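Please look through the sequence and the model shown here, and then follow the paragraphs below from one part of the fold to the next.

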Amino acid sequence: MTTETIFYILIAGVISIALAVFMYGYKAKQKGLLAWIFGALRFISIFSILLLLINPKFKSETYTIEKPKLPVLIDNSASITELEQTENVSIFLEKLKNNKELNNKFELSYFSFGSEFKESDSLTFNDKNTNISKALSSSNEIFKNEIAPLILISDGNQTLGSDYEFSSATSKNPIYPVILGDSVQHIDLKISQLNTNRYAFLKNQFPVEVIVNYTGPTPVNTEFIVNQGASSVYRTNVSFSNNETSKTINFTLSANSVGLQKYSAQIFPLSDEKNKINNSKYFAVEVIDQATNVLVVSNITHPDLGALKKAITSNERRTITFKKPFEAVSILNDYQLVILYQPDRNFATVYSEIEKLNKNTWVFSGLQTDWHFLNAAQNNFIKEASTQTEDVQAKVNSNYGTFAFDDIGFDDFPPLHTEFGSLSVTVSNEEMLAQTVSGISNGNPLLATMELNGKRNAIWDGEGFWRWRARNFVNSNSFKEFDDFIGNIVQYLASNKRRTRLEVSSETFYYNNNPIKISAQYFDKNYVFDNRASLNIKVRNTETEELTIFPMLLRNNYFEVDLNSLVAGEYKFTVSTADESIKSSGDFTILDFNVEQQFLNANILKLHRVAVNTGGKAYFASQSDALIELLIAETNYQNIERSEQKVVPLIDWKYLLALIIIALVSEWFIRKYNGLI
């Protein structure tokens, strides 16, 4: 309390005493003990009320002892089982949990990681991928402002994410790796990488690249072979030595049959190899008999055109050609989709030919679009354009139901440039993206699709979307999300397939270490997306005839199911609705590949570098006692005494109010009892 507050309290005490003496000591009718009781009660009530008016504030300090944190990150991937280290993990964890001295010094917390990072409740060692980088980054974020040395229990073999040695550089606390595995180098041949196209065109050759590695002390000769079914389609002899431990094998295979073609690549194992699982790898190529050809007609050069080319050709089933308007007229019929970028009067003959051929179109407009011409050249939309410009951003229409697409962060993308004015779509359409200015909708569509008499069209009003593709890369370290978004639109516009009420999207093959997902959209009789529907998928293994039924879950404007629980094999599926007899069937193949079975040793050198770079020290699992002793003896990790100061005003002290009530009520009862009222 301040000196001024104390002074006010003293004055309040003097006033309270004076009033009590005046009322019950000077000319009072009561004498003796009763006068003293009334005087005391009146003093208490007056003084308490004055204290509430003054409302002094009291400070209190509480002290707490905080232990340093000790997060323990445990590798829960299948490679720990392959290296026969699960028992070592269990023994070390028991030592951590049962060491009283360690637990008295540190607050231990346990996390597991494989594909994802999470608190550890149980360990299964069956995760199909290892993301050490994500585990270190997440732990660093959780304990960024605390003293928290980190124990990393892992073999150091990462199959997913960025380089964890780089991620560990941002750690503010030392990392103590516990290495699962030994340093003995076993003789091993393995296919470390196999690259090929996902799609190939019928009667064409498609390239295959295989990287084979050898670990061993002596030169060896072996054979590499690729089989399709029971027949061999490629073979070659391969030699390795101490100086030449890696070979890259490049060859081509023929795409002679339409559909999914499955192959197995194998490097024949040596007689004394310990791990023979990594000697073979399965791969598949879908052979198609035609590609989607897209023609882009533009009279100008613009970075948007480069972004379109990259996005569309990211799928090898699509080709793109750029032409000037006068060059495009004679070849329009060779393409399934015509993209018209910022049309002007030079496009007059192009539009006339498009009308004759009934071609699907996608119009991009911007600051160089001649809207007077464009409004007259077609009847799908009209814009009352002006000479002024406007910067607009996108807002997703969550009710868009023509096909499924993901929100890739459109709200945060840079603004696009367009001419100021009202844009109206005059035919039946669905708006995918709406225009917003400073977060407020201006009533114009940014991207809308329309379908009339079997012809599909779209309008995109805004230039500069090349920045969207760049921003997507900054956000996710990949162009894939933006490219897939553009690809979905191209796929819809380039197809004249009749629309059904149940549309299912799936791949022809999946690898079992990647997400296996099938999505579907269900529409009511007016072809409006129905999010109230109940969809199930029946999946049947064609080899074992085992039938499994999964519910499909609603995800924004589509339904989705995760089938990662299925084993490798060939499957047929049927998606059906609960209320109506509408079904859609298909098939897919799951290829067997367990990346966690490819490792023979721990990545000892990298784990040692992580320890050195962060100020920690690496230990093998057999040296776990030495790590515990070091942590206990380390003087840099001490308890922290934290103080917390609270300032409490007297008006919040409810007991003072109770005291006032008790004093006044007591005085009233005593007066009543003595017949003074």
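**A walk through the model**

Arg555 has Tyr558, in strand 30, as its bridge partner. This is a predicted model, in which local features need pLDDT of at least 70 and side-chain atom pairs count only at pLDDT 80 or more, while totals for chains, interfaces and linings use all residues. Residues are numbered from 1 along each chain as its sequence is written, and side-chain values use heavy atoms, with hydrogens and water left out. Helices (H or I, at least four residues) and strands (E, at least two) are DSSP runs that are numbered from the N terminus, and two strands are said to pair if DSSP finds at least two bridges between them.

As a general point, strands of a sheet pair through backbone hydrogen bonds, either parallel or antiparallel.

A further open sheet consists of nine strands in the order 16-15-17-18-23-22-21-19-20, and its pairing is mixed. Here the edge strands are strand 16 (318-323) and strand 20 (416-425), each pairing on one side only, and neighbouring strands are turned against each other by 35 degrees on average, direction ignored. Helix 10 (residues 348-357) packs on this sheet and touches strand 15 (292-298), strand 17 (337-341), strand 18 (360-365) and strand 23 (455-461), with its direction making about 155 degrees with that of strand 17; contact here means heavy atoms within 4.5 Å. Helix 12 (residues 466-476) lies across strand 19, strand 20, strand 21, strand 22 (440-452) and strand 23, and runs at about 115 degrees to strand 20. Within the sheet, strand 19 (residues 381-396) and strand 21 (residues 429-437) run antiparallel and are joined by four bridges, and Ala394 stands opposite Gln435 in strand 21.

In the loop between strand 17 and helix 10 is Gln342, which has a positive phi of about 50 degrees although it is not a glycine. Asn358, in the loop between helix 10 and strand 18, also has a positive phi, near 55 degrees, and is likewise a residue other than glycine. Are these two residues buried or exposed? Gln342 counts as buried because its relative accessibility is 2%, whereas Asn358 is partly exposed, with a relative accessible area of 44%; buried means under 20% relative accessible area, exposed over 50%, and partly exposed in between (1.4 Å probe, protein chains only). In the loop between strand 19 and strand 20 lies Thr402, which is buried at a relative accessible area of 5%. The side chain of Thr402 makes a polar contact with the side chain of Glu430 at 2.4 Å, a polar contact being a pair of N or O atoms within 3.5 Å, where within protein one must be able to donate a hydrogen and the other to accept it, and residues adjacent in sequence count only if both atoms are side-chain atoms.

The largest nonpolar core has 39 residues, of which Trp362, Trp460, Phe465, Trp468, Phe485 and Ile486 touch the most other members; such a core is a set of buried Ala, Val, Leu, Ile, Met, Phe, Trp, Tyr and Cys residues joined through side-chain atoms within 4.5 Å. Helix 13 (residues 480-493) gives the largest share of this core, seven residues. Neighbours within four places in sequence aside, Phe485 is in contact with Phe405, Ile408, Phe410, Met432, Leu433, Leu447 and Trp460.

Finally, helix 2 (residues 33-54) has buried residues that pack against helix 1 (3-24) and helix 16 (654-673). Ser48 lies in helix 2 and counts as buried because its relative accessibility is 3%. Apart from neighbours within four places in sequence, Ser48 is in contact with Leu656, Leu659 and Ile660, and its side chain reaches the backbone oxygen of Ile44 at 2.6 Å.

Notes. Axes fitted to C-alpha atoms, helices over the stretch in contact; angles between N-to-C directions.
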